Amino acid sequence: MENLVKVNLPGGFISAGDLYEILVIAENAGAGHIRFGNRQQLYFTVPDEHLEDIETAMLGAEIQFEINADLRPNIVSSYVADSIFNQEGWLREGVYKDILDLFDYAPGLKINLVDNQQSFVPFFTGNINFIASETNNYWHLYMRFPKSGKQHCYPYLVYSEDIPRVAKTAEKIIFENKRLFYDQKDADEQQFFKMLSKKSDAKFQEMAPPLKLPDFYLPYYEGFNKYNNKYWLGIYRRNELFSIDFLKDTCLLCLKTRIGQIYTTPWKSIIIKGIEQTDRSQWGLILSKYRLNVRHAANE
């Protein structure tokens with residue numbers, strides 16, 4: 001029997017070195033491929049006989065994981081879109097990382113951190129959706145109670161550093177009051193927001209102006225593309241399976257060429273940013289080795 005192993009990648013990115021370590025563990029446990037989920041998480045399968053091995057290796061490497069479960073959803077972010085799909089705004093790499101570093105718990109609800117200047121990463125696929133406002137370091141909060149399709153807008157903006165504690169408080173309120181807010185057709189959002197305001201030790205700001213989102217446009221996210229005198233490379237597999245050998249070679253080349261991170265997307269693909277023109281031929285060799293055909297940027 002095959003067992004599904006899930007590893008969350010908070011924010012949708014991981015260092016090349018950390019990913020390489022996960023790949024080696026997966027390979028040693030009998031996995032041959034990796035796939036990525038629509039919440040930017042990582043999956044692979046292992047047979048029963050290697051289940052104990054994978055648990056021991058993951059715990060030894062201090063990697064958070066779940067087997068045949070999804071009780072802890074990954075935190076989705078639009079960090080992957082930064083500098084390649086978004087317009088000019090205040091939200092940048094450091095802000096994402098500062099917020100993610102402040103999470104001191106593994107969320108049990110779906111959390112999204114999304115820039116209002118892009119449309120590559122969906123805005124409202126979480127239960128707790130933070131969307132950047134026009135005001136520096138403040139975010140709109142849209143709640144979608146579990147097992148409900150309705151979005152409810154919190155009447156105040158949330159400060160960047162308060163996002164983890166607000167999310168934690170919101171989750172606690174919902175799980176401690178399931179008869180009010182969990183799988184309830186007519187949950188009272190006003191009651192919820194009053195409870196959130198009372199229990200949150202956070203900085204809130206009056207909402208002005210209201211949230212304004214760009215028209216939906218899904219940019220092409222595959223191939224070599226030029227930006228800021230460098231290139232980014234998007235790789236998508238029609239069957240959603242990435243061979244471990246290919247990903248290991250990708251990690252090693254990232255390390256060799258001083259590319260620190262690999263990004264996952266909600267479209268089950270990966271993106272590598274910061275490729276220098278002088279290193280493009282090395283990426284071409286890897287793509288040729290694994291027979292991956294990608295388009296080249298039209299603006300070269």
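**Notebook: salt bridges, cores and cysteines**

I began with charged side chains and found that K6, E66 and D70 are linked in a network of salt bridges, a salt bridge being a side-chain nitrogen of Lys or Arg within 4 Å of a carboxyl oxygen of Asp or Glu. I note that this is a predicted model, in which local features need pLDDT of at least 70 and side-chain atom pairs count only at pLDDT 80 or more, while totals for chains, interfaces and linings use all residues. Residues are numbered from 1 along each chain as its sequence is written, and side-chain values use heavy atoms, with hydrogens and water left out.

**Salt bridges**

My search of the whole structure returned 12 salt bridges. I looked up D82 and R92, whose side chains meet in one of them at 3.2 Å, N to O. Both D82 and R92 lie in the loop between β6 (76-77) and α3, so the pair ties together parts that are 10 residues apart in sequence; I take helices (H or I, at least four residues) and strands (E, at least two) as DSSP runs numbered from the N terminus. I recorded D82 as buried, with a relative accessible area of 8%, and R92 as partly exposed, at 27%, where buried means under 20% relative accessible area, exposed over 50%, and partly exposed in between (1.4 Å probe, protein chains only).

I then looked up D104, which forms a salt bridge with K168, with 3.4 Å between the closest N and O atoms. D104 sits in the loop between α3 and β7 and K168 in helix α4, so this pair ties together parts that are 64 residues apart in sequence. D104 is exposed, with a relative accessible area of 59%, whereas K168 counts as partly exposed at 38% relative accessibility.

**Nonpolar cores**

I next listed the nonpolar cores, each a set of buried Ala, Val, Leu, Ile, Met, Phe, Trp, Tyr and Cys residues joined through side-chain atoms within 4.5 Å. The largest has 52 residues, and those with the most contacts inside it are I128, F130, W139, L141, M143, F192 and L196. The elements that give two or more residues to this core are α3 (93-101), β7 (111-114), β8 (128-132), β9 (138-143), α4 (163-176) and α6 (189-199), and α4 gives the most, with six residues. I followed L196 and found that, not counting residues up to four places away in sequence, L196 touches L141, Y154, V166, T169, A170 and I173, contact meaning heavy atoms within 4.5 Å. A second, separate core of 41 residues includes V7, I14, I25 and A31.

**Helix α1**

I checked the length of α1 (residues 16-28): its 13 residues should span 18 Å, and the end C-alpha atoms are 18 Å apart, which agrees; the expected span is 1.5 Å times one less than the number of residues. Within α1, I found A16, L19, I22, L23, I25 and A26 buried. Just after α1, G30 takes a positive phi of about 100°.

**Cysteines**

I counted zero disulfides, taking a disulfide as a pair of cysteine sulfur atoms within 2.5 Å. For C251, the closest cysteine sulfur is that of C254, at 6.4 Å, too far for a bond. I recorded C251 as buried, with a relative accessible area of 0%, whereas C153 counts as partly exposed at 32% relative accessibility.
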